[in-house]
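Please open the structure in your viewer and keep the selection tool at hand. This tour goes from one stop to the next, saying what to select and what is there.

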Amino acid sequence: MTSKNDRFLRALRREPVDCTPVWLMRQAGRYLPEYRATRAKAGSFMGLATNPELACEVTLQPLERFDLDAAILFSDILTIPDAMGLGLSFAEGEGPRFARPVRNASDVAKLAVPDMETELRYVMDAVRLIRRELGGRVPLIGFSGSPWTLACYMIEGGGSDNFSRIKAMAFSEPALLHRLLSIVTDAVIAYLSAQRAAGAQALQVFDTWGGVLAPHHYREFSLPYLARIARELARGEGSERTPLIVFGKGNAPYLEELSDCGAEAVGVDWLVSLGEARRRTGGKVALQGNLDPATLYASPESIRAEARRALDSYAEVAGSRFGHVFNLGHGMSPDMDPAHVGVLVDAVHEFSRAAT
């Protein structure tokens with residue numbers, strides 16, 4: 001089933017569109033009262049994420065409020081290490097924690113790629129259900145964390161201020177870290193492939209913590225594994241190809257290399273202008289981004305002005321609006337005003353339609 005609104009997929013293929021498509025990272029989340037109600041019904045975050053019916057419900061909620069051009073699967077990037085047996089939990093106000101973090105060679109040796117239709121069946125069932133319930137209204141995005149980002153959580157045992165454990169391993173035991181990253185990359189490829197088979201029409205890899213690495217370590221421990229995913233993940237051909245978006249916070253120093261990694265699109269944060277990103281990538285890939293999320297705390301007039309600024313920055317270098325997917329430079333926050341999200345989405349369509 002093709003999507004009635006396919007401008008998101010067309011933009012990722014760098015084809016002409018009637019206006020710039022827009023979706024937002026964490027568009028299904030705690031800033032929506034209806035999400036909070038469903039989350040309360042689920043009893044816990046993992047209760048919500050592992051229930052395909054409820055995951056479908058919250059995935060569709062923002063589409064009922066806003067004229068978004070894509071839906072993104074409601075899940076979490078840590079589903080893979082959880083399925084590897086690390087014991088994921090979420091404490092209120094503390095973020096994710098693993099009961100059994102990976103700290104040594106013995107821990108790495110215990111890891112294996114999960115079976116996608118048993119340990120992670122709840123994710124695939126959610127993809128199938130969401131795709132059916134969308135009825136072709138807009139495309140569905142599946143996603144995974146990057147190997148480096150997943151390894152950060154697996155080794156640190158949760159979030160971190162300084163990533164001391166994984167960085168110590170990178171310096172002192174690089175071969176061990178590469179073994180871990182290789183296994184995780186196998187799992188990410190299998191996971192994204194299974195989401196595609198279940199119905200995801202585009203795929204995004206979140207390299208959330210790639211930006212904490214020194215350049216030589218980024219090129220050793222993050223970039224090669226992103227390129228391997230792009231190279232080995234079967235995605236089809238031509239108009240039926242499932243596009244891959246690689247997004248990373250702090251990835252501006254590596255835009256040229258990311259544009260050569262084999263992905264169809266590169267997502268960028270707000271620390272580089274879209275015009276500069278387009279100039280440096282030379283039109284090899286579509287670009288996604290990159291409004292500073294804090295803009296949504298501003299007045300509607302400021303939101304509209306900043307949306308126009310981002311759109312114009314891209315178009316002035318590219319010579320058109322084509323090949324750009326509008327997004328935030330990172331995700332939504334729980335205290336954002338839904339009305340401001342509506343202002344942003346409508347402004348993106350209005351300004352880009354008038355100029356296309």
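How many residues does α10 have, and how far does it reach from its first C-alpha to its last? This is a predicted model, in which local features need pLDDT of at least 70 and side-chain atom pairs count only at pLDDT 80 or more, while totals for chains, interfaces and linings use all residues. Residues are numbered from 1 along each chain as its sequence is written, and side-chain values use heavy atoms, with hydrogens and water left out.

Select residues 174-198, which form helix α10; helices (H or I, at least four residues) and strands (E, at least two) are DSSP runs, numbered from the N terminus. α10 has 25 residues and spans 36 Å from first to last C-alpha, close to the 36 Å expected at 1.5 Å a residue, where the expected span is 1.5 Å times one less than the number of residues. Just after α10, Gly-199 takes a positive phi of about 135°.

Axes here are lines fitted to C-alpha atoms, for helices over the stretch in contact, and angles run from 0 to 180 degrees between N-to-C directions. From α9 the contact (heavy atoms within 4.5 Å) is made by Ile-166, Met-169, Ala-170, Phe-171 and Ser-172, and from α10 by Pro-174, Leu-176 and Leu-177.

Next, show the open sheet of seven strands, whose order is β1-β4-β5-β6-β7-β8-β9, with parallel pairing; two strands pair if DSSP finds at least two bridges between them. At the edges lie β1 (71-72) and β9 (324-328), each pairing on one side only. α10 packs on this sheet, where it touches β4 (140-145) and β5 (202-207), and its direction makes about 170° with that of β4. Within the sheet, select β7 (residues 265-267) and β8 (residues 286-291), which run parallel and are joined by three bridges; Ala-265 has Ala-286 as its bridge partner in β8. Asn-290 also has its place in strand β8, and the peptide bond from Gly-289 to Asn-290 is cis, with omega near 0°.

Finally, select Arg-26, which is found in the loop between α1 (7-12) and α2 and has a positive phi of about 60° although it is not a glycine.
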